[in-house]
Amino acid sequence: MPGYKGHLAGGAIAGAAVLGGTVWSGLYAPSFTQMAVLGGLALLGALFPDVDTDSKGQRLFYLMLVVLDLALLWKGYFKWAAILGLAAMFPALGAHRGWTHTWWAMLLVPLPLVLLPVWLYGVEPESVLPLYLAVVTGYASHLLLDRRWR
């Protein structure tokens with residue numbers, strides 16, 4: 001099983017492939033800032049399953065999360081920063097290689113990025129779907145590299 005560097009590489013490759021494919025096909029045309037956020041979310045998704053243990057990956061995950069949250073706060077996106085912070089607390093709810101290493105967690109954990117803005121703030125689902133897909137892409141790369149697809 002790869003360490004945090006392998007998971008970051010896998011998340012970066014998977015995220016770039018999916019984003020590149022959607023841009024190339026004309027399905028999505030994000031700005032540079034949006035691409036940076038999506039890339040960061042793919043990397044966070046790739047590290048997320050292992051943040052339930054004390055590791056370099058965990059420290060890097062939370063460092064990246066702090067940087068992303070600070071960027072959101074700097075830009076005045078306080079609600080988004082709160083949603084991201086809420087989602088980051090989920091790993092504390094289970095044991096290592098438990099629920100965080102399942103396909104259903106890959107689909108459910110990022111849902112607050114879509115559901116909360118839609119439900120609480122009336123955001124159009126289509127506008128937050130790329131955020132969800134970026135996290136799921138990174139998460140899927142982690143599970144595939146760990147061969148823990150269950």
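**Exercise 1. Identify the residues on the face of helix H1 turned away from its buried side, and then characterise the helix.**

*Solution.* The exposed residues on that face of H1 are Lys 5, Ile 13, Ala 17 and Trp 24. Here exposed means over 50% relative accessible area, buried under 20%, and partly exposed in between (1.4 Å probe, protein chains only). The model is predicted: local features need pLDDT of at least 70, side-chain atom pairs count only at pLDDT 80 or more, and totals for chains, interfaces and linings use all residues. Residues are numbered from 1 along each chain as its sequence is written, and side-chain values use heavy atoms, with hydrogens and water left out.

Next, take the buried residues of H1, which are His 7, Leu 8, Gly 10, Gly 11, Gly 15 and Leu 19. Seen down the helix axis, these buried residues fall within an arc of 165 degrees, so they line one face of H1. The arc is that of the directions from the helix axis to the C-beta atoms.

Finally, check the length. The 21 residues of H1 should span 30 Å at 1.5 Å a residue, and the end C-alpha atoms are 29 Å apart, which agrees. The expected span is 1.5 Å times one less than the number of residues. Helices are DSSP runs (H or I, at least four residues), numbered from the N terminus.

**Exercise 2. Describe the largest pocket by its volume and its lining.**

*Solution.* The space in the largest pocket is about 570 Å³. A pocket is an open set of points on a 1 Å grid where a 1.4 Å probe fits, with protein on both sides within 12 Å along at least five of seven lines; lining residues have an atom within 4 Å of a point.

The lining consists of 20 residues, and Gln 34, Val 37, Leu 72, Tyr 77 and Leu 131 lie nearest the centre of the pocket. Two or more lining residues come from each of the helices H2 (32-47), H3 (56-74), H4 (78-88) and H7 (125-146). By class, 15 are nonpolar, 3 polar and 2 charged.

**Exercise 3. Determine which element gives the largest share of the lining of the second largest pocket.**

*Solution.* The second largest pocket holds about 330 Å³ of space. Its lining has 21 residues, with Val 18, Leu 19, Thr 22, Leu 38 and Pro 130 nearest the centre. H1 (4-24), H2 and H7 each supply at least two of the lining residues. The largest share, 8 residues, comes from H1.

Notes. Points joined across faces, edges and corners; volume = space filled by probe spheres on them. Nonpolar A, V, L, I, M, F, W, Y, C, P; charged D, E, K, R; others polar.
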